[in-house]
Amino acid sequence: MDPTRDFVKNIKRVVFKVGTAVVTRNDGRLAIGRVGAIFEQLEELNSQGYEIILVTSGAVGAGCQRLKYRRLLNSSFADLQKPQVEIDGKACAAVGQNGLMAVYDSLFNQLNITSSQLLVTDNDFKNPEFRTQLSRTVNSLLALRSIPIFNENDAISTRKAPYEDSTGIFWDNDSLAALLAIELKADLLVLLSDVEGLYSGPPSDPNSKLIYTYVKQKHQGVITFGDKSRVGRGGMTAKVKAAISAADAGTPVVIASGYVSENIAKVLEGQRVGTLFHRDAHSWVTLNELSAREMAVAARECSTKLQSVSSEERSKILCGIAEALEENETVIKVENDADVAAAREAGYDESLISRLVLNHAKISTLAKSIRKIADMEEPIGQILKKTELAEGLILEKTTCPLGVLLIIFESRPDALVQIASLAIRSGNGLLLKGGKEARCTNAILHKVITAAIPETVGEKLIGLVTSKEDIPDLLKLDDVIDLVIPRGSNRLVSQIKSSTKIPVLGHSDGICHVYVDKSANIDMAKNIIVDSKLDYPAACNAMETLLVHQELSSSESFQELLDELSQGGVTLYGGPRASSMLNISEAKSFHHEYNSRACTVEIVDDVKSAVHHIRRHGSGHTECIVAEDVETAEYFLHQVDSAAVFHNASTRFCDGMRFGLGAEVGISTSKIHARGPVGVEGLLTTKWILRGNGHIVKGDEGVDYTHNNLVVLTEQ
């Protein structure tokens with residue numbers, strides 16, 4: 001549930017308004033299927049105890065379509081040659097209202113719902129006695145579980161030009177719905193439209209953004225509305241005017257699409273659907289808060305400035321950030337302590353809490369890694385290849401930043417620092433969305449880091465996304481954001497990949513294996529296994545499965561290996577063979593990442609069986625073989641298809657800092673662009689630079705291609 005919409009938990013009486021564009025098709029006929037789907041949702045709400053009031057448009061449009069059809073049938077050929085006179089709108093209303101209610105009543109009857117019709121005019125509401133009686137009648141109908149259906153009685157309304165005259169107590173069915181919501185003391189008004197809600201510009205404009213919460217002080221006067229409704233009187237302008245009126249009077253309003261399946265249910269579940277109007281909305285948001293698009297565009301603009309400064313200046317920025325972290329260690333730890341305390345109170349696993357903690361040692365390590373990144377060779381503009389295509393025509397393949405990165409990570413606040421440092425060194429703009437568990441820590445780290453970025457570049461180079469509700473909007477910005485890197489569970493990575501057109505650099509589960517071959521040095525194997533599992537059990541490069549050659553399974557050496565793990569507090573689970581042999585609980589799945597002091601043990605026939613097991617159950621992260629037989633080791637190294645494969649070394653070495661990358665934005669298990677620990681190089685792409693002297697193709701006539709590879713000179 002969106003926290004700004006938790007008020008829906010307490011609502012009972014709801015007014016729904018369906019516009020003409022919702023209840024009719026493009027040809028003017030009633031959209032029976034769409035209306036039926038809406039009524040099914042209303043029936044479900046009615047059965048749950050909600051009090052439902054319906055305001056409908058569409059009578060004039062439906063009547064006009066029917067009368068035009070009748071006139072066509074009754075016209076002679078000569079009549080059809082004459083100019084066609086517009087049919088009287090009031091006659092259309094009278095005919096359409098009858099047909100509309102007949103359809104509505106039939107649909108509700110199919111759902112065992114009793115509906116009731118109430119036609120009103122603007123003049124009715126000038127009478128206080130009418131208002132009192134209206135309230136009594138509606139209350140009686142609702143008590144009987146009947147759904148009152150309101151419409152303006154256009155057939156007898158004294159309004160001279162109903163499509164233009166906006167004077168009076170109400171002037172269309174949107175304003176009527178707002179009036180009724182106030183008059184009948186509704187808890188919520190839902191205006192169903194043919195678009196998802198209110199946009200920052202015309203919905204057809206790809207740069208327009210759906211506004212989830214309307215804030216009068218922020219949005220009034222700066223919103224550009226699209227065209228008027230294809231049918232009916234008002235379109236979005238009328239809906240917004242009605243919504244503001246009702247919200248100011250105390251009735252929350254949601255403008256949402258009547259076309260989307262189950263949208264009504266989503267609104268009442270508090271999901272972030274449509275545009276919310278609420279009189280307290282101004283207190284929920286910062287008026288100068290950037291939208292998702294504005295944040296991404298600002299990051300791109302700042303990245304352009306960052307790329308224009310020298311390598312030395314970018315290094316200086318990083319050194320300033322390292323100093324700022326050390327100088328602000330106390331305040332950082334205060335905020336981090338608050339996050340850790342909240343996590344413990346919430347009952348989070350110790351593995352998550354260990355990732356959340358940011359102590360003196362971690363801060364010192366972060367500062368050290370930032371300085372190492374600052375001292376790295378300039379990554380931007382490196383010439384990777386230089387070719388003479390023809391005499392005087394030189395082609396260079398060079399490195400350049402990707403542009404804007406969106407990194408979504410979970411509970412490790414130190415990741416924010418590492419990622420920001422790599423982005424600055426590689427000249428990229430950055431948007432960061434951390435886990436809610438580290439909210440306070442992420443906020444202070446972002447503040448410290450951006451304060452160290454000079455005005456010539458701009459602090460908006462790095463944006464901090466604070467609400468997960470903004471992620472869907474960010475994932476739509478394939479024209480601004482160049483790469484998404486989700487750091488977290490396999491479920492998170494899969495969700496991101498299925499929700500965006502932006503390229504995703506996937507880091508999924510860290511199901512790392514250690515295989516102990518029959519030729520292994522057992523003392524070495526003990527050390528590697530213990531380190532791989534216990535050095536940092538919550539890390540993605542910690543061992544999760546131990547595979548042991550069958551010839552070792554009955555030896556004392558094997559038992560010694562297990563004893564080392566048990567003494568370290570590791571809970572052992574077995575595969576089918578190991579569980580029966582060792583009398584331990586069988587693992588529910590080989591494809592499981594514990595992130596704690598637990599692991600799976602299994603017996604395999606030989607190195608080929610180990611490789612087969614890893615291919616079938618692994619996640620492509622990091623694998624290790626402990627073996628003295630070189631041929632066996634080489635087979636394992638070349639046959640295992642993972643991002644990192646080690647011989648006689650702990651899986652914990654799979655880390656950007658330990659690889660000499662300074663830091664990492666994550667460990668990629670993808671095979672495209674970057675794989676394994678992703679440092680600065682993984683945040684770069686290439687571009688081709690061609691230098692000529694008036695060269696033209698002209699069908700390749702007269703072009704003498706040489707394609708000579710030239711020596712690339714490195715700067716001393």
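1. Contact here means heavy atoms within 4.5 Å. With that in mind, arginine 652 touches Asp531, Ser532, Asp535, Tyr536, Ala539, Asn541, Ala542 and Arg658, leaving aside residues up to four places away in sequence.

2. A word on the source: this is a predicted model, where local features need pLDDT of at least 70, side-chain atom pairs count only at pLDDT 80 or more, and totals for chains, interfaces and linings use all residues. Residues are numbered from 1 along each chain as its sequence is written, and side-chain values use heavy atoms, with hydrogens and water left out.

3. Back to arginine 652: you'll find it in the loop between strand S20 (644–647) and strand S21 (666–668); helices (H or I, at least four residues) and strands (E, at least two) are DSSP runs, numbered from the N terminus. Arginine 652 counts as buried because its relative accessibility is 8%, buried being under 20% relative accessible area with a 1.4 Å probe, protein chains only.

4. Have a look at helix H17 too. Its 13 residues, 439–451, reach 18 Å from first C-alpha to last, close to the 18 Å expected, which is 1.5 Å times one less than the number of residues.

5. Buried residues of H17 are Cys440, Thr441, Asn442, Ile444, Leu445, His446, Val448, Ile449 and Thr450. Their cover includes helices H12 (311–327), H13 (329–345) and H16 (414–426), plus strands S11 (404–409) and S13 (462–464).

6. Overall, the protein has 24 helices and 24 strands, and 52% of its 716 residues count as buried. Among contacts between residues at least 6 apart in sequence, 74% join residues at least 24 apart.

Terms used: Buried < 20%, exposed > 50% of the residue type's maximum accessible area, 1.4 Å probe, protein only.
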